[in-house]
Amino acid sequence: MKRNTWQREAVRSALGESDGFISAQALHGALRDSGTTIGLATVYRALTDLTDEGEADTLTQDGEALYRACTPDSHHHHLICRRCGATEEIAADPVEQWARQVAAEHGYTKAEHVVDIFGLCPACSRLSETPDNP
């Protein structure tokens, strides 16, 4: 585990205050707007460390890495709204069983997986049903 610096703590705190997934650049902007003098490269390093240590989730959307604070050592999956970015952690026991079975059938051990489901959240679904939004 890396040593705790004020920069890393600032990134951890800002990530925890963020709703849903956020890009490193957007997080850097929020930190800068709050008066923090942290560099973008430092934000990227801190996010990488937090992800490696299980304190942040990461996913790639439209070619960009996005990050979200999470509970360390808890394997989980996400429902992610393509429009507003709302995110919910979900349990997926059938996926876990399927992943273990497929790995075993092919002789793999210590298999890991990532499952994220993208769609429209209920609020965005209602918006897309209005006459102004086909």
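A residue counts as buried when its relative accessible area is under 20%, as exposed when that area is over 50%, and as partly exposed in between (1.4 Å probe, protein chains only). By this definition, 31% of the 134 residues of the chain are buried. The model is predicted: local features need pLDDT of at least 70, side-chain atom pairs count only at pLDDT 80 or more, and totals for chains, interfaces and linings use all residues. Residues are numbered from 1 along each chain as its sequence is written, and side-chain values use heavy atoms, with hydrogens and water left out.

**Secondary structure**
- The chain contains 5 helices and 6 strands, where helices (H or I, at least four residues) and strands (E, at least two) are DSSP runs numbered from the N terminus.
- Read from the N terminus, the order of elements is α-β-α-α-β-β-β-β-α-β-α.

**The sheet**
- An open sheet is formed by 3 strands in the order S1-S3-S2, with antiparallel pairing; two strands pair if DSSP finds at least two bridges between them.
- Strands S1 (22-23) and S2 (56-61) stand at the edges with a single partner strand each, so one side of each has no neighbour in the sheet.
- S2 pairs with strand S3 (residues 64-69) over 6 bridges in the antiparallel sense.
- Leucine 59 has leucine 66, in S3, as its bridge partner.

**Overall dimensions and contacts**
- The C-alpha trace spans about 50 × 50 × 25 Å along its principal axes.
- Of the contacts (heavy atoms within 4.5 Å) between residues at least 6 apart in sequence, 48% join residues at least 24 apart.
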